Amino acid sequence: MRIADVLRNKGAAVATITPDAPVRDLLAGLAERNIGAMVVVGDDGVVGMVSERDVVRQLHAHGPDVLTHPVSQIMTATVATCTKSDTVDSLSALMTNNRVRHVPVLEGKQLIGIVSIGDVVKTRMEELEAEQQQLHSYITQG
């Protein structure tokens, strides 16, 4: 299965934030949308990823003043990305190798979606269920 199929099933909506937005706004956006990460988008496109984990680590290291800092100070600037033509299996390997849970989907430099580890697991479970049904049908009919 391709990433395009995952996006078709889940939708292509992506929560984004600007690098100069305060961390307080990031937290409000994460809570409002009930999500764990946002893509940081600047004038040149995707410039980073920022997650709840990034906030917690910075709060631990620097205290509550971090809430007034810009997102650019806590984001991960090296972003693993994929394209809609990549396979779910290759994305799973990318996530595992890079120890990331959210991967932006790009078409050229344009952000067209995001895939989470939950999306990957859901897709894989659906594939396994379909295979199980096919095997069951084959055994009972044959």
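Author: Helices (H or I, at least four residues) and strands (E, at least two) are DSSP runs, numbered from the N terminus. This is a predicted model in which local features need pLDDT of at least 70 and side-chain atom pairs count only at pLDDT 80 or more, while totals for chains, interfaces and linings use all residues. Residues are numbered from 1 along each chain as its sequence is written, and side-chain values use heavy atoms, with hydrogens and water left out.

Reader: Which annotation covers residues 8-66?

Author: The UniProt annotation "domain: CBS", from an unreviewed entry, covers residues 8-66 and also 75-131. UniProt positions are given in the numbering used here, feature names are shortened, and annotations may be inferred rather than shown by experiment.

Reader: Turning to electrostatics, how many salt bridges does a search of the whole structure find?

Author: The search finds 3 salt bridges, each being a side-chain nitrogen of Lys or Arg within 4 Å of a carboxyl oxygen of Asp or Glu. Side chains of opposite charge can pair when their charged atoms come close.

Reader: Which residue pairs with Asp5?

Author: Asp5 forms a salt bridge with Arg8, and their closest N and O atoms are 2.4 Å apart. Both residues belong to helix 1 (residues 3-10), where they are 3 residues apart, about one turn of the helix.

Reader: Is Arg8 buried or exposed?

Author: Arg8 counts as exposed because its relative accessibility is 60%. Asp5 counts as partly exposed at 23%. The cut-offs are under 20% relative accessible area for buried and over 50% for exposed, with partly exposed in between (1.4 Å probe, protein chains only).

Reader: What is the partner of Lys10?

Author: Lys10 forms a salt bridge with Asp119, with 2.8 Å between the closest N and O atoms. Lys10 lies in helix 1 and Asp119 in helix 5 (residues 117-141), so this pair ties together parts that are 109 residues apart in sequence. Asp119 is buried, at 16% relative accessible area, whereas Lys10 is partly exposed, at 37%.

Reader: Where does Lys84 form a salt bridge, and with which residue?

Author: The side chain of Lys84 meets that of Glu107 in a salt bridge of 2.9 Å, N to O. Lys84 sits in the loop between helix 3 (52-62) and helix 4 (88-98), and Glu107 in strand 4 (residues 102-107), so the pair links distant parts of the chain, 23 residues apart. Lys84 counts as partly exposed at 40% relative accessibility, and Glu107 counts as partly exposed at 41%.

Reader: A change of topic: where is Asn34, and what is the value of its phi?

Author: Asn34 is in the loop between helix 2 (23-33) and strand 2 (37-42). Its phi is positive, about 55°, although Asn34 is not a glycine. Asn34 is exposed, with a relative accessible area of 71%.

Reader: What about phi of Arg99?

Author: Phi of Arg99 is near 55°, a positive value in a residue other than glycine. Arg99 lies in the loop between helix 4 and strand 4 and is exposed, at 78% relative accessible area.
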